[in-house]
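Thanks for sending this one over. Here are my notes, as numbered points you can follow with the model open beside you.

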Amino acid sequence: MIEFTDLQCTFCKRFHDTTYAEIKKNFVDTGKVRFVHRDLPLDIHSQAMRAAIAARCANEQNKFWPMRDALISQASS
């Protein structure tokens with residue numbers, strides 16, 4: 001499963017808050033599905049590109065998923 005996400009998008013946040021945990025628990029953690037994140041920073045969100053870059057920097061320290069979760073949980077309209 002490939003997810004294209006803007007880390008400031010409220011719709012992406014809604015997916016993260018309501019659906020992602022179930023997909024992770026039932027499919028990713030059981031090895032049935034591989035979940036891939038792809039950056040899709042939209043111009044309408046002023047900090048989306050910086051958030052995507054920060055997540056990629058965190059990835060260099062093996063902290064991508066915690067950073068992604070922290071950034072998307074802060075998304076607001």
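1. A nonpolar patch on the surface is made up of Ile2, Phe4, Leu40, Leu42 and Ile44, with about 520 Å² of accessible area together. Patches take residues with over 30% relative accessible area and no salt bridge; like charges are joined within 9 Å, and nonpolar side chains (Val, Leu, Ile, Met, Phe, Trp, Tyr) within 5 Å. The areas come from the Shrake-Rupley method with a 1.4 Å probe, and for residues only the protein chains shown count as cover.

2. Please keep in mind that this is a predicted model: local features need pLDDT of at least 70 and side-chain atom pairs count only at pLDDT 80 or more, while totals for chains, interfaces and linings use all residues. Residues are numbered from 1 along each chain as its sequence is written, and side-chain values use heavy atoms, with hydrogens and water left out.

3. Where does Leu42 sit? Leu42 is in the loop between strand 2 (36-39) and helix 2 (48-59). Helices (H or I, at least four residues) and strands (E, at least two) are DSSP runs, numbered from the N terminus. Leu42 has 35% relative accessibility and counts as partly exposed; buried means under 20% relative accessible area, exposed over 50%, and partly exposed in between (1.4 Å probe, protein chains only).

4. Have a look at helix 1, which bends by about 50° at Thr19. The bend is the angle between axes fitted to the seven residues ending at a residue and the seven starting there. Helix 1 (residues 10-28) spans only 23 Å between its end C-alpha atoms, whereas a straight helix of 19 residues would span 27 Å at 1.5 Å a residue; the expected span is 1.5 Å times one less than the number of residues.

5. Which residues of helix 1 are buried? They are Cys12, Lys13, His16, Tyr20 and Ile23. The buried residues of helix 1 pack against strand 1 (2-5) and helix 3 (64-73), with contact meaning heavy atoms within 4.5 Å.

6. The whole structure holds 5 salt bridges, each a side-chain nitrogen of Lys or Arg within 4 Å of a carboxyl oxygen of Asp or Glu. One of them joins Glu3 to Arg68, with the closest N and O atoms 2.9 Å apart. Glu3 lies in strand 1 and Arg68 in helix 3, so this pair ties together parts that are 65 residues apart in sequence. Glu3 is buried at 8%, and Arg68 is buried at 0%.

7. Arg68 also meets Asp69 in a salt bridge (2.9 Å, N to O), and Glu3, Arg68 and Asp69 are linked in a network. Asp69 is partly exposed, at 28%.
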